[in-house]
Amino acid sequence: VPARIVTLTSDFGLKDPYVAEMKAAILSICPSVVTVDVTHLVEKFNVRAGAFMLASAAPYFPAGTIHVAVVDPGVGTQRRPIIIETESSFFVGPDNGLPILAAEAQGIKRMWHIESRRFMLPHISSTFHGRDIFAPAAAHLANGEAPEEFGPQIADVVKPEFTKVTREKDVLTGEVLYVDDFGNIITNIHAKEIAVFREGRVQVELPNQAPQQMKVSRTYAAAKPQEPLAVIGSHSYLEIALNQGNAAAKFLAKAGDKITLSRT
Amino acid sequence: VPARIVTLTSDFGLKDPYVAEMKAAILSICPSVVTVDVTHLVEKFNVRAGAFMLASAAPYFPAGTIHVAVVDPGVGTQRRPIIIETESSFFVGPDNGLPILAAEAQGIKRMWHIESRRFMLPHISSTFHGRDIFAPAAAHLANGEAPEEFGPQIADVVKPEFTKVTREKDVLTGEVLYVDDFGNIITNIHAKEIAVFREGRVQVELPNQAPQQMKVSRTYAAAKPQEPLAVIGSHSYLEIALNQGNAAAKFLAKAGDKITLSRT
Amino acid sequence: VPARIVTLTSDFGLKDPYVAEMKAAILSICPSVVTVDVTHLVEKFNVRAGAFMLASAAPYFPAGTIHVAVVDPGVGTQRRPIIIETESSFFVGPDNGLPILAAEAQGIKRMWHIESRRFMLPHISSTFHGRDIFAPAAAHLANGEAPEEFGPQIADVVKPEFTKVTREKDVLTGEVLYVDDFGNIITNIHAKEIAVFREGRVQVELPNQAPQQMKVSRTYAAAKPQEPLAVIGSHSYLEIALNQGNAAAKFLAKAGDKITLSRT
């Protein structure tokens, strides 16, 4: 039997020992787990950004992976700790919408409210449930504990709102979901929706910027260095990029910005 | 037998290949080791900060874990490489105080000066003992080598000084130990010492700031967003925090600052 | 049989889920692999810097290690995905020079152009071959697939240019290869070439700086705090450093700068 994988997604940053404490809690309970960091640089308290990042990575992990995701401004309050079982994985974390985008893409089967103290650390702080509740729950799942042992099954969980793309004739309006470390401006506009613009040119409007005309292309290198282009990114969403440059810095774009695409 | 865990704590940063070189040295000697990074963002050359971070994480690791900690401004000089055996773990690193806080909390049993070349890399640089001496020592310990094989037992090691909390009537004076990535101001004042203020309000004084009155509460979310509060953090020490905000940025606080608590 | 190690080197940064997606692809194909991050903070698109960092770390890994290195401004274009087999390891990545410095140090045996779709992810994006081609290739190599299964053997690959050190009488002229996170200025001047200056003093010239006289010493601590010194670093190359300080910040040095050494 291959070792179970537990992934970790958080807004904890990289400086503090908090992520190590979660891994310590996991390995104390299930020593054979392989942990993989998805990211710990989710913008602090930004549940939607974390949801997007987890949903990007989750499809590439093997069946049976257990995803722990903790962006948790409500830690210690009445918000519930939950387990979501999908057709291929488990998600563990606070009930604030963080895992839903990833979980729905896999098909949600059942959900539970974690209540049993038996699967938590002996001392539960009110400020760090990642270490005291979520990491231990993931490790116990990795040990083969059935999710129904953790608490009552639940029917409703918090779902984050994501803006839908709208189309009027050949004008598409969407939203910037995320700016990556290269400065690529990743939108919520799927490859299927821009078939009309493919291999041609497109006019792009971002807030407080003059409209930009640019090539629609398959690769960053299809544009000249520092030239903008529209490209289908590796998760099949439209990105605005500069070849070997930082598009978000040039266009002052950020997550949440409105973006409009039209014919040139 | 579960794989041995080797943790790594350093001020090496995240850009350079140095941490990978330590892991390479470890895995070359003991391929079954599981490595866990505690942090590599200890403030450069700040042994006390590293001691605090290691002491925060160490209690959560299983018995038998080997902790390698390298904040080592004296690398290549006469400062000794040492092994500390505690009731539950080993600590490996330079004799400059770094592991003492964590080791004393576990109960120190015996200590050794690493002298045997047999447990070092064949070529020993004078600038990177983390790779050439400490990582190999940890890996040989993970392989089951007895610590007495590494060199002579020693009785005294360097201990860092930490300020004690003082109390005059209902006024507590302590020190900021650490500012975490959220901007939480973590002090050396233990939960036991502030029982008198619990669930009430407290006046907090930090350098060059007007006294602040704030709630003492269990969770960050007990305050309004951006409102300051005093909270018992996940390691049982008092923190000054802003709900969903950065308290250290607001109050210009940093490690080493004096902090005074009194009744409102 | 010990688990195979796959190392990862990239310019992806630490924020995005891209590295996790590569690890997910690897563990889906070969669950027993141990992954080690060399660095993901190569300067963006800087193939030479990545080549240097990989060449620093690779010698410390055990025989059989598979190194995946992806700094890939030409992703999706005609640049070839390649495998290099050396006397002790495999290197997988784009044919742009990145692995050559490390591979030549180990002795290159054979090289292949990766063409077989059988060893790639089912859907291949044109912007993220790290996940879709290179990580899967490494995992299949870890599974024991023979490199000749991946595609045709090739004879020539792209090689990056590195400046050679020149000597005129007792004046050495070299180049800054890299500035590390401590601010140490690492040059391409090897320990063997500066024997003439050893244990004495040396005059150092960097661009736009007055000539500096400094000690040549074995350890950082041989200078007073914040005092400059010339030291043989842990990879046997000359570094200009400040004891407990940041030499690159003081001398405004950066990779690519010319550096001249002469007798005082």
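## Close-up views of a three-chain predicted model

**View 1. A lysine of chain B meets an aspartate of chain C.** B:Lys44 and C:Asp181 form a salt bridge, with 2.8 Å between the closest N and O atoms. This is a predicted model, so please read every distance here as computed from its atoms. Between chain C and chain B the count is 1 salt bridge. Alongside it, 12 residue pairs are in polar contact across these two chains, both residues of each pair being at pLDDT 80 or more. Side chains of opposite charge can pair when their charged atoms come close.

View 2. About 2,600 Å² is buried between chain C and chain B, and 64% of that lies on carbon and sulfur atoms. Which residues of chain C lose the most area to chain B? They are C:Tyr60, C:Asp181 and C:Phe182, together giving 26% of what that side buries.

**View 3. What chain C brings to its contact with chain B.** In polar contact between chain C and chain B there are 12 residue pairs (both at pLDDT 80 or more).

View 4. In chain C, 7 strands make an open sheet with mixed pairing, ordered β2-β1-β3-β5-β4-β6-β7. At the edges are β2 and β7 (153-154) of chain C, each of which pairs on one side only. Further in, β4 (residues 81-86) and β6 (residues 108-113) of chain C are antiparallel partners joined over 5 bridges. Within that pair, C:Ile82 has C:His113 of β6(C) as its bridge partner. α2(C) packs on the sheet and touches β1 (5-10), β2, β3 (66-70) and β5 (90-94) of chain C, with its direction at about 130° to that of β2(C).

View 5. β1 (residues 5-10) of chain A runs parallel to β2(A), and 5 bridges join the two. One position to look for is A:Ile5, which stands opposite A:Val34 in β2(A).

**View 6. The surface between chain C and chain A.** How many residues of chain C are in contact with chain A? There are 29, and they touch 33 residues of chain A. Between them, chain C and chain A bury about 2,600 Å², with 64% of it on carbon and sulfur atoms. The salt-bridge count for chain C and chain A is 1. C:Lys44 and A:Asp181 form a salt bridge, their closest N and O atoms lying 2.8 Å apart. The interface of chain C and chain A also holds 12 residue pairs in polar contact (both at pLDDT 80 or more). On the side of chain C that touches chain A, α1(C) supplies the largest share, 8 residues. The residues of that side divide into 14 nonpolar, 8 polar and 7 charged.

**View 7. A salt bridge that joins chain A to chain B.** Over all chains, the count comes to 42 salt bridges. One of them links the side chains of A:Lys44 and B:Asp181, at 2.8 Å from N to O. A:Lys44 sits in the loop between β2 and α2 (47-57) of chain A, while B:Asp181 sits in the loop between β9 (171-179) and β10 (185-190) of chain B, so the pair joins two chains.

How values were computed. Residues numbered from 1 in each chain as written. Chains lettered and ligands numbered in written order. Predicted model: local features only at pLDDT ≥ 70, side-chain atom pairs only at ≥ 80, totals over all residues. Heavy atoms only, no water. Buried area = accessible area lost by both parts, 1.4 Å probe. Salt bridge = Lys/Arg side-chain N within 4 Å of Asp/Glu carboxyl O. Polar contact = N/O pair within 3.5 Å; in protein donor to acceptor, adjacent residues only side chain to side chain. Pairing = 2+ DSSP bridges. Helix = DSSP H or I, 4+ residues; strand = E, 2+ residues; numbered from the N terminus. Contact = heavy atoms within 4.5 Å. Axes fitted to C-alpha atoms, helices over the stretch in contact; angles between N-to-C directions. Nonpolar A, V, L, I, M, F, W, Y, C, P; charged D, E, K, R; others polar.
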